[in-house]
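Visitor: I have a model open and would like to learn how to read its features. Could you walk me through them?

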Amino acid sequence: MPEREPFLDEIRADHEARHEPTISDPQPVASVNTMWASAGRGALIGIFLLLFGAFLYVGRPILLPIMAAAVLALTLAPLIKAAKRRSIPTWVTAILILLFGFGALSLLAMALAHPVSQWIGRAPEIGASLKDKLAVLDRPLAALHELQTSLFGDNTGVNVNMPASNVVLPVVAFVTPAAAELVLFFTTLLFFLVGEIELRNQFVALFGNRDTKLLFLKIMRDIERNLAAYLTVVTIVNIGIAIIVSLGAWLIGFPNPLIFGLLAGLFNYVPYIGPALMVVVLFGVGLVTFPSLAHALIAPLGLVALATLEGHLITPTLVGRQLTLNPLVLFLALAFWTWMWGPMGALLAAPLSIIGLVVVNHLFPADDDRLPE
C-alpha cells in the first residue's frame with residue numbers, strides 16, 4: 001500500500017483543529033451506469049437546445065412578429081391596467097395605442113424621406129468625395145489587396161459609381177420587414193392588448209397548485225413592471241441623446257442636424273450596435289461635408305464619448321441595480337438574437353434578457369450570504 005502524502009495529514013489536522021470538514025481522498029465512480037445516465041440527460045438537453053434553435057430560425061417569419069408583439073404588449077400592460085382602473089375599456093386603449101404607433105411611424109417616414117432621397121441622389125458624388133478624402137489610406141489598402149491577391153486570388157473591387165438603386169434596394173430589403181409580418185405584428189399586438197388580462201387568467205387556471213399560481217402571477221407582474229420601467233428610462237435617455245446630438249451636429253455644421261439627432265435616439269435602442277452604426281453614419285457624412293479628416297472625426301468621437309457616458313453611468317444609475325444587465329450577458333444575447341432574427345432580433349435582445357433575468361431571479365432566488373471576493 002503506497003504511503004500517504006505528509007501534507008494531506010497536515011491539512012486534515014488543521015481542518016480538525018478548526019472544526020471544519022476534513023478533506024477526503026478522491027473516490028472512484030460508484031457506478032458506470034450513473035455516469036452514462038448523466039451523459040444521456042446532457043445529450044438530450046443539448047439535442048433539445050439545437051432543435052429549439054432550429055425552430056426559432058426556421059419559424060422567424062411567424063415567430064418574430066408574434067414575439068415582438070408579445071414583448072410590447074407586456075411592456076404596455078401597466079398602461080392598459082391603469083386605463084381599466086379608470087373605467088376605460090381595454091379595446092379603446094388598445095386602439096389609441098395602435099393609432100399613436102401608426103402616427104409616429106408616419107411622422108418618422110415623412111421626416112426621413114426627403115433627406116434620404118437627397119443623399120441617394122448624390123450617391124455617385126458622395127462616393128467620389130469619399131475616395132478623395134480617404135486617399136491617405138491608398139497605400140495600406142493596396143498592401144492589403146496585394147496580400148489578399150497572393151493568398152486568395154484576384155477579386156473584383158467595389159465600384160464607387162454604381163447606380164444608387166444597387167446600393168439602396170438591398171439595404172431597404174434587409175431593414176424593412178415584409179408587409180405580411182407588419183400586418184401579423186399589429187394584429188397580434190391588438191389582440192394581446194385587448195385580451196392580455198383574460199389570457200393571463202387562463203394561464204393561471206392551468207396550474208393546480210396555489211403556490212405555483214402565485215409564483216406565476218409574481219413573475220408576470222415583475223416582467224411587466226421591469227419592462228415598462230426599462231422602456232420609460234431608455235426612452236427618456238434616448239430623447240436626451242437626440243437633443244444633444246442635434247445641437248452638436250448643428251454647432252459642428254452638419255446638414256439637417258435634427259435628422260441626425262433623431263437617428264441617434266432611435267439607434268440607441270439597440271445596445272452597442274446602434275451607437276456603432278451611428279458613429280459610422282456621422283463619420284461618413286462628415287467626410288463628405290467637411291474639408292478635412294480631423295473635422296470629420298469631431299462628431300464620431302463626441303458620440304463615442306456620449307455613448308460611453310450613457311451606457312456606463314447614466315442608464316445604469318437611472319435603471320437601478322435590479323434591472324442592470326451584465327454587459328457580457330447582454331452582448332451575447334445581442335449577438336445571438338441578431339444572428340437569429342436580424343435587426344429586429346437585436347432590438348428585442350435587451351427586453352428578452354430582462355424577461356429571462358426576472359424569471360431566473362424568481363425560480364432561483366439568490367442567497368443572502370455573499371460569496372468571498
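Visitor: Which residues of H8 are buried?

Guide: Buried means under 20% relative accessible area, exposed over 50%, and partly exposed in between, with a 1.4 Å probe and protein chains only. In H8 the buried residues are Glu-181, Phe-185, Phe-186, Thr-188, Leu-189, Leu-193, Glu-196, Ile-197, Arg-200 and Val-204. Before going on, please note that this is a predicted model: local features need pLDDT of at least 70, side-chain atom pairs count only at pLDDT 80 or more, and totals for chains, interfaces and linings use all residues. Residues are numbered from 1 along each chain as its sequence is written, and side-chain values use heavy atoms, with hydrogens and water left out.

Visitor: How many helices and strands does the protein chain have?

Guide: Helices (H or I, at least four residues) and strands (E, at least two) are DSSP runs, numbered from the N terminus. This protein chain has 14 helices and zero strands. Buried residues make up 29% of its 373 residues.

Visitor: What share of the contacts in the protein chain comes from residues 24 or more positions apart?

Guide: Contact means heavy atoms within 4.5 Å. Among contacts with a separation of 6 or more, residues 24 or more positions apart account for 69%. Leaving aside neighbours within four places in sequence, Thr-93 touches Ile-80, Ala-83 and Ile-88. Thr-93 counts as buried because its relative accessible area is 7%.

Visitor: Where does H8 bend?

Guide: The bend at a residue is the angle between axes fitted to the seven residues ending there and the seven starting there. H8 bends by about 70° at Gly-195. For the 28 residues of H8 (residues 179–206), a straight helix would span 40 Å, but the end C-alpha atoms are only 35 Å apart.

Visitor: What is the distance between the end C-alpha atoms of helix H14?

Guide: Only 22 Å, whereas a straight helix of 37 residues would reach 54 Å. H14, which covers residues 327–363, bends by about 145° at Trp-341, and Pro-343 follows within four residues.

Visitor: Which residues make the nonpolar surface patch?

Guide: Patches are made of residues with over 30% relative accessible area and no salt bridge; like charges are joined within 9 Å, nonpolar side chains (Val, Leu, Ile, Met, Phe, Trp, Tyr) within 5 Å. A salt bridge is a side-chain nitrogen of Lys or Arg within 4 Å of a carboxyl oxygen of Asp or Glu. Here Tyr-272, Ile-273, Leu-277, Leu-328, Phe-331 and Leu-332 make a patch of about 580 Å². Accessible areas come from the Shrake-Rupley method with a 1.4 Å probe; for residues, only the protein chains shown count as cover. H14 gives the most to this patch, with three residues. Leu-328, in H14, is exposed because its relative accessible area is 54%.

Visitor: What is the phi of Tyr-272, and in which loop does Tyr-272 lie?

Guide: Most residues other than glycine have a negative phi. Tyr-272 has a positive phi of about 65° and lies in the loop between H10 and H11. At 40% relative accessibility, Tyr-272 is partly exposed. Asn-256 also has a positive phi, near 50°. Asn-256 sits in the loop between helix H9 (210–252) and helix H10 (257–267), and is partly exposed at 34% relative accessibility.

Methods. The expected span of a helix is 1.5 Å times one less than its number of residues.
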